[in-house]
Amino acid sequence: MSELPESSPFPSKSPPFREDCWTEEATATLVDAWGRRYIDLNRGNLRQKDWQEVADAVNSRHGHSKKTLRTDVQCKNRIDTLKKKYKVEKARVVDSDGAAASNWMFFDKLDFLIGPKMSETKSPPTAIPLPIRRGERIEPLAVALPQKRSAASVADDSYFRRNYSAVAAAAAAVDEDDDEEQEQEVSEEIGGNGREQGLQMLAKAIDRFANMYERVERDKQLQVIEFEKQRMQFVKDLEVQRMQLLMDTQVHLEKMKRANRSGSGSDDMYQ
């Protein structure tokens, strides 16, 4: 059983007529049907089901024959074409500062539908001054700019900074002197008794470490001696076993020789 090909969200058949063969009435119906769903989706993208509903709305009014029937793909492509033309018209109007108006019949409707979304994506101007229109004259909008500081204020600031640095350094020096005095007072309070106690504790710690090291070395030597004893005993036992094996072998060979001799003597007597 052969597998069915996957169906695309939009029909792939091309129309039997040119894409630009749209009448103004059919285009107006298309814009109305698309605009209602575009607003309902909060100016979001239409899905394939929505485009099919738009195509059904156009065909219900203008699809009188097979050649005038529109598909969802054709409606989407037509809307994309209208958006591109709107952007061109909008740029021409903006460049003329409102002096030139668009005579395109769908400009106002598309300006209402996609104009706010285009204005949200535009970045705010950064150039100054900003012009505003007042009647026929264009006057620059007053923008407060940072003024250059006078030499006297700069000198005052530098003098203040130098004095502040000197004061901070003096305060730090005073803090260091206070810390040294406190340490000296503490050491004087401890006195010689504290130093003697510290030396005694250090001597006791060294003595304990020496005793522990001596015990470790003594145990190590005892282990070496015990291991050597075990090794010598093992060598001795091995040598005894070897001698015993040799003696047993010689006794066995001697018995075999005697048996062979006695057997040959008896054979001679019978002959």
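A: The account below begins with the overall fold and then follows the helices and their side chains.

The model is a predicted one. Its chain contains five helices and two strands, and these elements follow one another along the sequence in the pattern α-α-α-α-β-β-α. Of the 271 residues of the chain, 15% count as buried. When contacts between residues at least 6 apart in sequence are considered, 56% of them join residues at least 24 apart.

On the α1 side, the contact is made by T27, L30, V31 and W34; on the α3 side, it is made by C75, R78, I79, L82 and K83.

R78 is located in helix α3, which spans residues 72-95. Its relative accessible area is 16%. Because the limit for burial is under 20%, R78 is classed as buried despite its charged side chain being of the arginine type. The side chain of R78 makes a polar contact with the side chain of T27, at 3.2 Å. T27 and R78 are also both listed among the residues through which α1 and α3 touch.

The axes of α2 and α3 come within 8 Å and cross at roughly 90 degrees. That angle makes α2 roughly perpendicular to α3. The residues of α2 that make the contact are Q48, W51, Q52, V54 and A55, and those of α3 are D72, C75, K76 and I79.

The aromatic residues come next. The chain has three aromatic pairs. One of them joins W34 and Y38, whose rings are stacked, with 4.9 Å from centre to centre and 25 degrees between the planes. Both residues belong to helix α1 (residues 24-40), and because they are four residues apart there, about one helical turn separates them. W34 is buried, at a relative accessible area of 1%, and Y38 is likewise buried, at 4% relative accessibility.

Another aromatic pair is formed by W104 and F106. Their ring centres are 5.9 Å apart and their planes stand at 75 degrees, so this pair is edge-to-face. W104 counts as buried at 13% relative accessibility, and F106 counts as buried at 6%.

Two arginines lie over aromatic rings. R70 is placed over the face of W22, at 4.2 Å from the ring centre. R43 is placed over the face of F112, at 5.9 Å from the ring centre.

The backbone at R43 has a positive phi of about 55 degrees, although the residue is not a glycine. N42 is found in the loop between α1 and α2 (48-62) as well. N42, which is not a glycine either, has a positive phi of about 60 degrees. Most residues other than glycine have a negative phi. N42 counts as exposed, with a relative accessibility of 66%.

K109 is found in α4, which covers residues 107-121. At 37% relative accessibility, K109 counts as partly exposed. Leaving aside residues up to four places away in sequence, K109 touches V31 and D32. The C-alpha atoms of K109 and A28 are separated by 9.7 Å, and these two residues are 81 residues apart along the chain.

Terms used. Residues numbered from 1 in each chain as written. Predicted model: local features only at pLDDT ≥ 70, side-chain atom pairs only at ≥ 80, totals over all residues. Heavy atoms only, no water. Buried < 20%, exposed > 50% of the residue type's maximum accessible area, 1.4 Å probe, protein only. Polar contact = N/O pair within 3.5 Å; in protein donor to acceptor, adjacent residues only side chain to side chain. Contact = heavy atoms within 4.5 Å. Phe/Tyr/Trp six-rings, centres within 6.5 Å; stacked < 30°, edge-to-face > 60°. Lys NZ or Arg CZ within 6 Å of the ring centre and 35° of its normal. Axes fitted to C-alpha atoms, helices over the stretch in contact; angles between N-to-C directions. Parallel < 35°, antiparallel > 145°, perpendicular 65-115°, else oblique.
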